[in-house]
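Please look over the sequence and the model shown here.

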Amino acid sequence: MTRYSPQIIDHYENPRNVGSFEEGEKDIYTGLVGATSCGDIIKLQLKINSKGIIEAAKFKAFGCGAAIAASSLITEWVKGKTIEEALKIKNTDVTGHLSLPPIKMHCSVLIEEVVKKAIDKFKIKCHP
Amino acid sequence: MDYQSTTPTDERVLREMLPYFSEKFGNPHSNHSLGWEAKDAIDFARGQISSVINAHPNEIIFTSGATESNNLALKGIAGFYKDKQNHLITVKTEHKCVLETCRDLKKEGFEITYLSVDRDGLISLEELREALRSTTLLVSIMSVNNEIGVVQPIKEIGTICKESNVLFHTDAAAAFGKIPLDVKAMNINLMSISSHKIYGPKGVGALFIQNNPKINLRPLISGGGQEKRIRSGTLPTPLIVGFGKAAELSEQEISMEHNRLLGLSKEFLKWISDIPEVYLNGHKTLRWSGNINLSFAHIEGEAMMLAMKDIIVSSGSACTSESLKSSHVLEALGIDQELAHTSIRFGLGRFTTSKDIERAILNVKKAVKKLRPMSPTWEEKVVETGAMQT
């Protein structure tokens with residue numbers, strides 16, 4: 001087990017925005033990254049309105065404490081942001097905020113990736 | 001509940017050790033009264049340890065622990081006999097210290113066969129027979145697996161080795177003092193033993209080396225040759241005294257402790273069986289009952305460890321290791337990587353009570369309840385099967 005910072009423990013203990021949006025709910029764009037074989041899967045759903053603003057976010061994660069905490073953090077960060085702003089979030093912002101140990105760096109990379117994947121879905125649909 | 005990693009030193013053991021740190025501090029290799037006092041204590045411990053495995057006291061050599069014993073057994077034998085034979089047989093599920101030693105020996109020109117195991121973690125005696133060559137020097141197979149608790153057919157392996165005139169070494173770090181071992185009846189030529197797994201102090205272990213016929217080893221450490229010219233270094237009297245006492249207690253309590261732990265482990269598994277998709281890794285009955293290795297599908301092992309706040313366990317998940325690789329043992333059993341990442345090892349031992357078991361069950365259930373609804377793979381499963389969320 002890794003020794004985690006209080007920020008990670010906080011997000012792990014009280015994860016924000018866990019879950020999935022109701023099926024049939026509109027304007028939901030889902031990103032999925034990772035593989036069970038690597039021990040990490042993160043699913044991020046963004047509710048993005050026609051102006052390109054992220055109104056809400058939900059996540060589910062199979063992974064270590066760091067993966068869960070980073071997923072929880074990103075749902076808070078992207079909420080209220082435009083997609084352009086959200087895409088500017090770098091993995092190093094996540095590592096810095098959570099004090100992720102070096103061995104868990106890949107979790108923050110997955111987070112950057114999953115945000116991009118969800119927003120890509122929006123772009124394909126709205127600006128094909 | 002991580003008794004397979006290590007155990008606390010039993011108070012009865014500690015009490016025996018204390019005088020050897022202070023008033024009885026002599027160097028057991030000194031030729032005066034203080035030295036003799038220490039030497040007598042060490043010889044007494046040699047007797048306590050050899051008695052557990054039906055060996056002679058002078059067949060026991062003290063080391064720093066089972067890792068050194070395994071290194072010494074394999075490199076020592078290989079180094080001495082390398083001009084005659086150059087083939088070694090071991091198993092994919094061995095402890096890293098055996099596997100890494102074999103890797104070192106391969107670089108020196110030895111040929112190594114790694115036996116596979118079945119889904120239950122057991123080797124095939126047929127495969128062992130087929131792997132034997134005229135150049136085979138040594139077979140090294142652990143008695144009890146440290147990760148999954150599976151007990152290999154040691155007596156049968158010993159018989160095959162004897163028939164083929166091949167030396168047999170067993171890493172008994174997880175077996176010594178826990179299951180009955182008899183080096184004569186089981187035809188074991190060398191055995192690695194650890195102290196801290198049986199409520200003795202850390203930093204000491206032993207290698208049993210059969211006397212008759214004599215087996216030669218090339219030393220790993222150069223020096224005064226204090227241990228029969230095979231191992232050098234001043235012996236740590238207090239640790240050895242503790243190790244001896246710990247061995248004696250384990251021998252006295254072996255069958256009582258076995259039955260008690262079997263009861264506790266059955267109780268634990270009975271309650272856990274209520275939870276869907278939990279799998280026991282390793283053979284169901286041919287196992288040391290103090291080791292329960294379970295995969296909790298859809299929950300990554302480290303997250304599970306974090307959620308079980310009142311108990312301490314270990315996991316075969318990559319996320320808990322320094323190397324980010326999941327358990328090589330579970331991989332050898334053919335367990336999906338996904339399930340390997342969800343494995344948790346519960347270790348029961350001398351001080352585990354049924355209250356601890358109850359607490360562990362509550363912790364497990366709470367953790368599963370918290371983490372499965374968070375898991376995207378569990379969500380898929382629920383959608384596919386229409387199963388109720390647990």
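Two residues are in contact if their C-beta atoms, placed from the backbone, lie within 7 Å. This is a predicted model, in which local features need pLDDT of at least 70 and side-chain atom pairs count only at pLDDT 80 or more, while totals for chains, interfaces and linings use all residues. Residues are numbered from 1 along each chain as its sequence is written, and chains are lettered from A and ligands numbered from 1 in the order in which they are written.

**Chain A**

- Chain A has five helices and three strands (DSSP runs numbered from the N terminus: H or I of at least four residues for helices, E of at least two for strands).
- From the N terminus on, the order of these elements in chain A is α-β-β-β-α-α-α-α.
- The radius of gyration of chain A is 14 Å, close to the 14 Å given by the globule rule for 128 residues, so chain A is as compact as a globular protein of that length. This radius is taken over C-alpha atoms, and the rule is 2.2 Å times the number of residues to the power 0.38.
- Along the principal axes, the C-alpha atoms of chain A fill a box of roughly 45 × 25 × 25 Å.
- Of the 128 residues in chain A, 42% are buried. A residue is buried if 20 or more other C-beta atoms lie within 10 Å of its own, exposed if 12 or fewer, and partly exposed in between, with C-beta atoms placed from the backbone.

- In helix 1 (residues 6-13) of chain A, the buried residues are A:Ile8, A:His11 and A:Tyr12. They cover an arc of only 100° around the axis, which puts them on the same side of helix 1 of chain A; the arc is that of the directions from the helix axis to the C-beta atoms.
- The cover over these residues of helix 1 of chain A includes helix 2 (65-78) and helix 4 (91-98) of chain A, together with helix 8 of chain B.
- Helix 6 (residues 154-164) of chain B has B:Ile154, B:Ile157, B:Gly158 and B:Cys161 buried. Their arc around the axis is only 100°, which puts them on the same side of helix 6 of chain B.
- Helix 5 (125-131), strand 4 (136-140) and strand 5 (167-171) of chain B are what the buried residues of helix 6 of chain B pack against.
- B:Asn165, which follows helix 6 of chain B, has a positive phi near 60°.

**Domains of chain B**

- Chain B is divided into domain 1 (11-250) and domain 2 (254-380), with bounds from an automatic or database domain assignment.
- The centres of domain 1 and domain 2 of chain B, taken over C-alpha atoms, are separated by 29 Å.
- In chain B, 22 residues of domain 1 are in contact with 18 residues of domain 2.

**Nonpolar cores**

- The largest nonpolar core has 84 residues, and those with the most contacts inside it are B:Leu167, B:Ile193, B:Phe208 and B:Ile240. Such a core is a set of buried Ala, Val, Leu, Ile, Met, Phe, Trp, Tyr and Cys residues joined through C-beta atoms within 7 Å.
- Helix 7 (residues 237-272) of chain B gives the largest share of this core, seven residues.
- Both domain 1 (11-250) and domain 2 (254-380) of chain B give residues to this core, so it lies between them.

**Where the chains meet**

- The contact takes 18 residues from chain A and 20 residues from chain B.
- Helix 8 of chain B gives the most to the side of chain B that touches chain A, with four residues.
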